Amino acid sequence: MFIWKQKLLPLWLVLGLVLAVACVILGLRMYAKFESRSTSAGLRVPISASRDPQTPLTKFCEILARPSKSDQKSVRTLATATVSFENTFLYDLGCYKKDDLVWFEAADEQVAAKLSEILVIGVTYRARLDLTGKFEVSKSGGFGHVNGYRYQFVITHVNRVESIPANELWPYELKTSSK
């Protein structure tokens, strides 16, 4: 026998409680899904089938040390990618300088979809990526948000993804001088 037929609780209240419980369960499932993206063992995100192991790996710091050498060329590198509401950039703590952050963009919709699975604002702000793409040096104006970046990396392949430990410093936490 139903509770509302005994007039213990009105029908609208019973339906409201059922709906509230369903929302809580759905919310917990969504939270668990996002939490599973970053673990100490690494991000559990499928990597694109279009990997690029043929392009030799160049250290990110080497690219930034001699940017004109890599300008307009396809390069493969390891870098930390980070996203926020107004900025997306690549960096390496080994050679970080405020003026050497590299704006990044996806070359196509497939890469954009892959990056949006990996880097989620509010969930996974950064990840270490093995990526391939075209490095560009600004001739005038700059790249990215308010043209604030001298360099741009147009990502064509995401070859590997690693999580960033929560205790690893962010670039702004380092004490370095800009050029």
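Mentor: Let us begin with Asp-130, which counts as buried at 3% relative accessibility, where buried means under 20% relative accessible area, exposed over 50% and partly exposed in between, using a 1.4 Å probe and protein chains only. Please keep in mind that this is a predicted model, in which local features need pLDDT of at least 70 and side-chain atom pairs count only at pLDDT 80 or more, while totals for chains, interfaces and linings use all residues. Residues are numbered from 1 along each chain as its sequence is written, and side-chain values use heavy atoms, with hydrogens and water left out.

Trainee: Which residue forms a salt bridge with Asp-130?

Mentor: The partner is Arg-160, and the closest N and O atoms are 3.8 Å apart; a salt bridge here is a side-chain nitrogen of Lys or Arg within 4 Å of a carboxyl oxygen of Asp or Glu. Asp-130 lies in strand β4 and Arg-160 in strand β5, so the pair ties together parts that are 30 residues apart in sequence. Strands (E, at least two residues) and helices (H or I, at least four) are DSSP runs, numbered from the N terminus.

Trainee: Is Arg-160 buried or partly exposed?

Mentor: Arg-160 is partly exposed, with a relative accessible area of 39%. Arg-160 and Asp-130 also belong to a network of salt bridges that links them with Arg-76 and Glu-162.

Trainee: How many salt bridges does the structure hold?

Mentor: There are eight, and one of them joins the side chains of Asp-71 and Lys-139 at 2.3 Å, N to O. Asp-71 lies in the loop between α3 (67–70) and β1 (73–83) and Lys-139 in the loop between β4 (126–137) and β5 (151–162), so this pair ties together parts that are 68 residues apart in sequence. Asp-71 counts as buried at 15% relative accessibility, whereas Lys-139 is exposed at 65%.

Trainee: And what does Asp-100 pair with?

Mentor: Asp-100 forms a salt bridge with Arg-150, with 2.7 Å between the closest N and O atoms. Asp-100 is buried at 4% relative accessibility, while Arg-150 is partly exposed at 37%.

Trainee: Changing topic, where does Thr-80 lie, and what does it touch?

Mentor: Thr-80 lies in strand β1 and is buried, at 5% relative accessibility. Leaving aside residues up to four places away in sequence, Thr-80 touches several residues, including Phe-89, Tyr-91, Arg-128 and Ile-164, where contact means heavy atoms within 4.5 Å.
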